[in-house]
Amino acid sequence: MKLSSLPLLFLVTSSTLFAVDFAREVQPLLAEHCLECHGPDDSKGGLVLTNRELALKTLKSGAHGIVPGKPDESEMIARLLSTDPEEQMPPPKHREKHPVKSRDIEVLKKWIAEGAKFEQHWAYKPVTRPKGDGIDGFIRAKLAEMGLSPSREADPITLIKRATYDLHGLPPSLSDLADASDWSDQKYEVLIDRLLASERFGERWGRHWLDMARYADSDGYEKDRPRPDAWRFRDWVIRAINDDMPFDQFTIEQLAGDLLPEATPEQIVATAFNRQTLTNTEGGTDQEQFRIEACMDRTETLGTVWLGLTVGCARCHTHKYDQITQTEYYQLFAYFNNGDEANRQVPTSPAEWAAYEKNNGDAVKKLIPLRKALDAAKAELPVKLPAWEKAIQERLSKAAAAKTTQKFESLPIAEMKAKAANLKKQPDGSLLAENKAPKTDSYTLSFRSHAKPISALQLEVLPDASLPSHGPGQNKNGNFVLTKFSASIEQNKSRREIMLHSPKADFEQKTFTAEKVLDADDQTGWAISGSTGKKHTLTLQLAQPITLKADETLVIELEQNYKQLGHTIGHLRLLAASEETEDSIAPEAVRKILSEEPKRRNPVVIQPLWDWLAKVDPEVVAADTALKQAEAKLPKPPLMDVRVITQRTNTPRKTNLLHRGDFLQPAEEVSPGALSTLPPLKGSSRLDLAKWLVSKNNPLTPRVTVNHFWTRLFGEGLVHTVADFGVRGDAPTHPELLDWLADEFMKQGWSRKKILKTIMMSATYRQSSEFVVRPSGRPGGLKPELRTAVMEIDPKNYLLWRQNRLRVDGEIVRDLYLGASGLLSAKIGGPSVYPPIPEGIDALSYAGNFKWTTSKGEDRYRRGMYTFFKRTAPHPDLTTFDCPDANTTNVRRTVSNTPLQALTTLNAEAFSEAAQALAKRVLSDASLKDDASRLTQAFRYCVARRPSAPEHASLQKLLEESRYTYQNTSADEAKAAFGTHAAPNIATAENAAWVAVTRIILNLDELITRE
C-alpha cells in the first residue's frame, strides 16, 4: 500500500467502519455550524442542539429536527441538503466563511442513523489511566497506524542544548558539552537531574507561570503607575518552582493562601497572584466598576489557566458553545467578590527573615502575634470607615460654615531641657541658646497651664544679634535643621503621643521641607537656607484637639540630629491655637478624597485615607504602638509592604448576575458554585474553590496542566488549543496519552519536576528534529514522493514523528546573548532592573510620568525576566520578540519571524555589547592560542556544536577582512566597535575585528532556536 493513499484510507475507515464519535466528530460540527442559532440562548424554529432531550422536541413547524434512526425524516438533514437560500441551514452567508463539507453531512446522517446519542464532552470525563506503554508506547502506536516510524534520536550536542534551553533558557556549559564525547542514557539522566536541581530552573519555568499570572511592574490603563513591590510575588514563584512545591499546593496558596490555617507570610505573598489585575488610577472613574472588572479578570484567569475554558464568554450571556451558563459564570465570580485588595507587611525574603530570626532569637517570635493583631485591626478599617467618615464630614461642615482662622498665643513654659544647649527664658516667653553651638541637640519643653483647647502648634524661630548671622540657627550662616517635631501628653509618669499632621512653614529650604519633621529619617528636616536672619514659623495641626487637665503636661520635643554638625536652633518660641478649621481636622489629601463620592474613590489614590484612618483609629494605634515598642528593642527588620488579597468577613457583598455584564444592571442573586458539567463544589470560600480545582475528581486541571508542560517541550500541546478544552477547541491528538500524563502527574504528587523528567526522558522528546521520515519497516531517508505524502498526512507534525524546532521566548533571546558573552549576572530574584533601552522610549508613557534610568553594575546584565515591565511601554526588545502585554493571562505566546528581529539582535545596545564581551572573552582566554581555536570556542559558546569546515572558513575570511578594514581606519572608529569591553594587551584593530566576527556568530538563527 502506498503511503500517499493513507489519508483516503483513514477517511473511509473512520466514516464507515466505526461508530461516529459524538465528542470528536459531531459536537465540533454543531459548534461550528449550528449552535449560534440553536444554542442555549437562541432556539430558532424551536430547535435546540445542546442536549438530546431538547434536540428531539417537536419544532414550531410541527416537524422534528432530529428523528433518531431516521436521518431522511430529520428536518436538520433536509435543511443541510437544501439549495433554497430561504430554507438552507446554515444560511449562505455563514457557508461563505464556513463551508459545510459533504463529509460533514455524512457524519451527521450516520450519527442520526445510529440513534443521535449525545455524549459528555471528552474534557469533562473523569481521568482514567489507559493501558499503554508510557509516552513512547502511545506515540508509536499512533505512528504505526499511519504507517510511520519515529525519527532517530538527536545527537548528544543537540540533546544537551535542547534540555538546557528548555529547563534553563541559557546556553549549555562547556563542561556539560564535554559529556557528549562519551554519551549514554545515564549521562543524559544525570544532566536532566542537574538542570532540574539548579536555581536557574525556577527562573525559566517561573517565567512561564508569570505569563499566566499576567505579571507586570505597573498598574496598566492610562497612568500606568509603577508597582515597586510587584517583584516580591515573582520571587515567590521562582522559589516555589525551585522547591518543587506540589502543583496542588502551588494552586491553593496563590488563590487562597490567606485563608489557610495560621497562614505564613509566604502564603500571604502567594495571594499576590490575585493582585496582578490592572488598576485604574484615573480621577473620576467609578471604582466599583473596576473592582468588578478585576474580579471578572480573576474569574476568567482561573477559567483559562486551570480549567482551559473560555468562561469569559459567559460574562454577558450563556456560552454559545460550551455548557457554561451565565449564572454559572457569576457563581464562580462570587468566590472572588468578597476578596478585598490590601497591603500586608511581609519579609523581603524568607532567607533574610530566617537570618534575622537566628540573630535575634525568641524576641522575633514575639513579633508574630503583634503583627497579626495589627493586620487584624487594619482589616476592620473598611467596616469602621462609614461611621468615622460621617463624624469627620460633620466636623468639616461645621468648620467650613464657621470660616474661622487660627489665632496663635504663646504657651507658658513650665520646664525646659536640652542635651547640650544652655537655654534661657526671655521676657517675651521665647528661649535663647546662650552657649556655643553644640554638634547636635534635643530640646524638651513642657507646658502645664493652658486653659483653652489646643488644635494646632506653632514654632517660631527668631533672629537675635547674639547668634551667627543673626540666626535663628546657630550655624555660621544662621541656618538650622529641625529633624523631628513630636508632641505627647504626660500623666502620672505615662505618656501618650499626640498625632500631628499637615506641617507648613512660611519658608522652607529646597529638599529640607516642613513635612520632613514628621518622618522617621533623622537626616531630613526643616531648614531655611536662603532666608536666615529673619523670623520664620512652622505650624502643625493636631488630629484631635486636646484640653490639658490639671494633672497633664504637654511635652514637645525638638530633635536636631543633622550630620553636618552645629545646625541647631538658637532662638525659638512655642505657640498654640484653639480654633478648629478644615485644615486642622484632616490633611488636604484626605479631605480631597472625602469630597469624592465613595464609589468613585480610586483604590490606589485613596491610600492616604487608609493611612490617615490607621493613624487615628484607637485599635490600630494601640496595636501599632505595641508592635513598634517590641521592634524598638531589635535591629530594623527586613520587611516590606506587598499588595495581596484578603477575605471580607464583615459586611460581605452579595453577588448578582449582571445583565449583559453591566455592573449597573444587577439581576438575580447567585451563590458561589461551580460548573454543572464538573464535579460539585462544596463550600463558599476561595479556599474551597482552590481545593476543588486540584481535587482528583476534577478532570480538567490535571489535563490542562500537563498540556501546558507538553506545549513548552514540543511547541504544540496534545490539545493544540491550549486555552480552550471546550467544544470549539481541538480534540487531543493522543487522548490516551493525555490521560496517562494527567494520571501520572497526580500519582507523582503533582510534582512539576517529576513529570517534566518523565517527558524529557522519553524517546519521543529525544528525537531529532530533522525532516527525515522513515516509513514503517523501511530504513534510511525519505523518498520525495513519500515526503509529499507525509506532508499531506501530518504537515504540522502532530503525530510527533520528529521533534520541533522552536524559537525561544523574548526574554530568553537576550539571556542567551548574555550567557554566551559571559556577561550574565548569576543573581537570583530581587527588584526589577533597567537594562539599556533606546532613547525616548520612556517618554511614550502617560504625561512623561516615567523615567527609565539604566541600571549599573551587574543589574545591567540580569536575566530578561527581571526587566521592569511597564504595561503601556514595555522594553522594545521584548515586544520585538512577541512578549505578551500582561493585560490578560497568556498560556501560550505567539511566535513571529520578522526582519526587525534580526536587526535588533545585530544593532540594539544590549546585543552589541554582548558581541563586544564575547570578543573579549575569547581574546582573554590564555588557553586559546590561535584564530582557529578562538573561532571554534566563540562558536561553541553560542550554538554548542563545533563549526563545520565551510562555516569555519567563512568566519576566518570575515576575520581577515575585518582586520584589514580596521587596520585602515581611524583608531576612534575601531575603539567604538568594542566600547568598554577591550581585551587587555590586544591591539585596537584586532579587538575591533573580533567584535565584527562575534556579532555575526551571535546573530545566527541557531542561537535563538532550540536545535
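Among contacts in the chain between residues at least 6 apart in sequence, what percentage join residues at least 24 apart? For the close look, which residues line the largest cavity, and which elements give two or more residues to its lining?

Analyst: The model is predicted, and local features therefore need pLDDT of at least 70, side-chain atom pairs count only at pLDDT 80 or more, and totals for chains, interfaces and linings use all residues.

Among contacts (heavy atoms within 4.5 Å) between residues at least 6 apart in sequence, 74% join residues at least 24 apart. The chain has 1011 residues, of which 55% count as buried; buried means under 20% relative accessible area, exposed over 50%, and partly exposed in between, with a 1.4 Å probe and protein chains only. The chain holds 38 helices and 18 strands, which are DSSP runs numbered from the N terminus (helices: H or I, at least four residues; strands: E, at least two). Its C-alpha trace spans about 120 × 85 × 55 Å along the principal axes.

The close look now turns to the cavity. On a 1 Å grid over the protein atoms alone, a cavity is a set of points where a 1.4 Å probe fits but cannot get out, and lining residues have an atom within 4 Å of a point. The whole structure contains ten cavities of 30 Å³ or more, and the largest has a volume of about 100 Å³. Such a volume is the space filled by probe spheres set on the points, where grid points are joined across faces, edges and corners.

The lining of the largest cavity consists of Trp205, His208, Trp209, Met212, Phe247, Val305, Thr705, His708, Phe709, Arg712 and Arg752. Helices H12 and H27 are the elements that give two or more residues to this lining. By class, the lining has six nonpolar, three polar and two charged residues; Ala, Val, Leu, Ile, Met, Phe, Trp, Tyr, Cys and Pro count as nonpolar, Asp, Glu, Lys and Arg as charged, and the others, Gly among them, as polar.

Helix H12 (residues 199–212) also meets helix H9 (residues 156–167): their axes come within 7 Å and cross at roughly 70 degrees. Axes are lines fitted to C-alpha atoms, for helices over the stretch in contact, and angles run from 0 to 180 degrees between N-to-C directions. H9 and H12 are therefore roughly perpendicular, a term for angles of 65 to 115 degrees (under 35 is roughly parallel, over 145 roughly antiparallel, and the rest oblique). From H9, Tyr165, Asp166 and Leu167 meet Arg200, Phe201, Arg204 and Trp205 of H12. This contact has four nonpolar, three charged and no polar residues.

Val706 is buried, because its relative accessible area is 1%. Not counting residues up to four places away in sequence, Val706 touches Leu738, Leu741, Ala742 and Phe745.

The loop between H27 (700–714) and H28 (735–747) contains His720. With 10% relative accessibility, His720 counts as buried. Leaving aside neighbours within four places in sequence, the contacts of His720 are Asp730, Thr733, Tyr798 and Arg892.

How values were computed: Residues are numbered from 1 along each chain as its sequence is written. Side-chain values use heavy atoms; hydrogens and water are left out. On a 1 Å grid over the protein atoms alone, a cavity is a set of points where a 1.4 Å probe fits but cannot get out, and a pocket is an open set with protein on both sides within 12 Å along at least five of seven lines; lining residues have an atom within 4 Å of a point.
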